[in-house]
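I set out to record what I looked up in this structure, entry by entry.

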Amino acid sequence: MSEKYLQFKIVVVGGGPAGLAAACAAAESGARVALVDNTPWLGGQIWRGQQAKPSLPQAQQWLQRVRQTGNITILDNTSIVAALKPGVLLAEQADGACEIHAQKLIIATGARELLLPFPGWTLPGVMGAGGLQVLAKHGWPVAGQRVVVAGSGPLLLAVADGLKTAGAKVIAIYEQASLGPVIKFSASLLSHPSKVLQGLQIKTRLFGVPHRHGVWPVKAQGDEALSSVTFTNGQQTWSHECDFLACGFGLVPNTELPLALGCALSGDFVDVNASQMTSIENVYCAGEPTGIGGVDSALVEGQIAGYAATGEMTKARQLFRQRSSWHKFRAALANTYRLRPELKSMATDDSVVCRCEDVTFGRIKKISNWREAKLQTRCGMGACQGRTCGAATNFLLGWGMQSVRPPTLPAKVEDFLLTGEGPSSPH
Amino acid sequence: MTDPVQLRINGREVSVPAGTVVAAAIALAGQMKFRESVTKQPRGPLCGMGICMECRVTINGQPQCRSCQTLCEPGMEVVTA
């Protein structure tokens, strides 16, 4: 059995770019830092597979920095299931639960894909765009498979590129946003040359793959698994036979932990000040939970949070200008890939919205908020704790992300024998 | 390159490259249905990131394990619905 009570000056939750940067910056002060991640890997979703198969220099640089820094303890395979009290997290590891005590907490929990319901989206073979990509990086067989990539955002191109490189037959890429705003966005990238180069390289590798804008899925068909998908551009519909549909409508922040800690949100995102500190003292937040800005924004915010949390404000301030620049990119991203209202009518009355409890759109569409839906239909009360349908209903019905109740993930009852009191607990 | 990993999926011996997650091993074994929903619909992995819980299977007797977040280990016993 591993240690039941762990204590650190700084605890960073999330091992993606923001978390890696935060841990490195905080560790420079000599503080004892823990870097917690719920997977066996570091690098988050964006840098998945970079430990096993290095290909991105930027990822290698940060992963190496974390490994070489003596005062960073890596707690992988560790899921935070509850905030027991200020500065104390309850975590689940393979061999049991533990309390993690932190003087300061940096939340870098990243984002997940927005997965929207439409008829047939529950068929095996319909996956998130990033979802199929990360699985492919860990051995999911895509070589020779017919894949359509759809949804929204720059991730779609990266996914199509990754899948094609892995040997998949990418039939088409369908972006819901119109071409006009995407062209304008691409032009605005001239102030970020690294992004332009990246984009051009991807487009070159995807030469010959149809890439259309203003297109979205209508329905997926198949018996036990996916066999075809029908698309529309609002005027015509057409179908493709395929083995996989990789479909994600952009990213939504993972705000369960900040909400559980009582951090204030601004819209869908965690509200932070110039030091990346949330509304709760000693709790910082960096990366996607503060706004979907991508890896570069996350790295800068992570460093600022790490420096600020260890009192190194001079170092933090030196990065403010860089952060503003990436925040402009972030705003342009949100504007360009705004979801069109037609996507709200993808879900029919028979479409399952809550996949854990099989609650259909017809059963919830007249309900005014998530709490009522939970009480009346069990929507959002299954194993994923509303992580999938919460974001979907936020888009479809505007219910908003509300309070979070512990545990934030399915946890073992015995975990809660730990009360947050430390080793002096009476049990 | 490290040696392949041998595990059993629904009683069948499967050999996968090291670093393969259980979800991928199930797909390599030719299976797309991982579990049945509460209304008996077939389901398979969706998010790939440990969020949606659609890829839950039983691993070494422990039910409700997220197969997309679990690396294959030698001798593992995986059971799908």
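The entries below follow the order in which I consulted the structure.

Entry 1. I noted at the outset that this is a predicted model.

Entry 2. I looked up how the chains meet. I found 33 residues of chain A in contact with 33 residues of chain B. The elements of chain A that give two or more residues to this side are β7 (111–113), α3 (129–137) and α13 (387–397). Of these, α3(A) gives the most, with 5 residues. I then sorted the side of chain A that touches chain B by class, and recorded 15 nonpolar, 11 polar and 7 charged residues.

Entry 3. I turned to a sheet in chain A. I recalled that strands of a sheet pair through backbone hydrogen bonds, either parallel or antiparallel. In this case the sheet is open, has 5 strands in the order β8-β15-β9-β10-β11 (chain A), and shows parallel pairing. Its edge strands are β8 (126–127) and β11 (211–213) of chain A, each of which pairs on one side only.

Entry 4. Strand β9 (residues 146–152) and strand β15 (residues 244–249), both of chain A, run parallel over 6 bridges. A:Ala150 stands opposite A:Cys247, which belongs to β15(A).

Entry 5. I asked which helices lie on these strands. Helix α4 (residues 155–165) of chain A packs on the sheet and touches β9, β10 (169–175) and β15 of chain A. The direction of α4 makes about 180° with that of β10(A). I found α3(A) across β8, β9 and β15 of chain A, at about 125° to β15(A). I noted that α3(A) also contributes 5 residues to the side that touches chain B.

Definitions and conventions
Residues are numbered from 1 along each chain as its sequence is written. Chains are lettered from A and ligands numbered from 1 in the order in which they are written. This is a predicted model: local features need pLDDT of at least 70, side-chain atom pairs count only at pLDDT 80 or more; totals for chains, interfaces and linings use all residues. Two residues are in contact if their C-beta atoms, placed from the backbone, lie within 7 Å. Helices (H or I, at least four residues) and strands (E, at least two) are DSSP runs, numbered from the N terminus. Ala, Val, Leu, Ile, Met, Phe, Trp, Tyr, Cys and Pro count as nonpolar, Asp, Glu, Lys and Arg as charged, and the others, Gly among them, as polar. Two strands pair if DSSP finds at least two bridges between them. Axes are lines fitted to C-alpha atoms, for helices over the stretch in contact, and angles run from 0 to 180 degrees between N-to-C directions.
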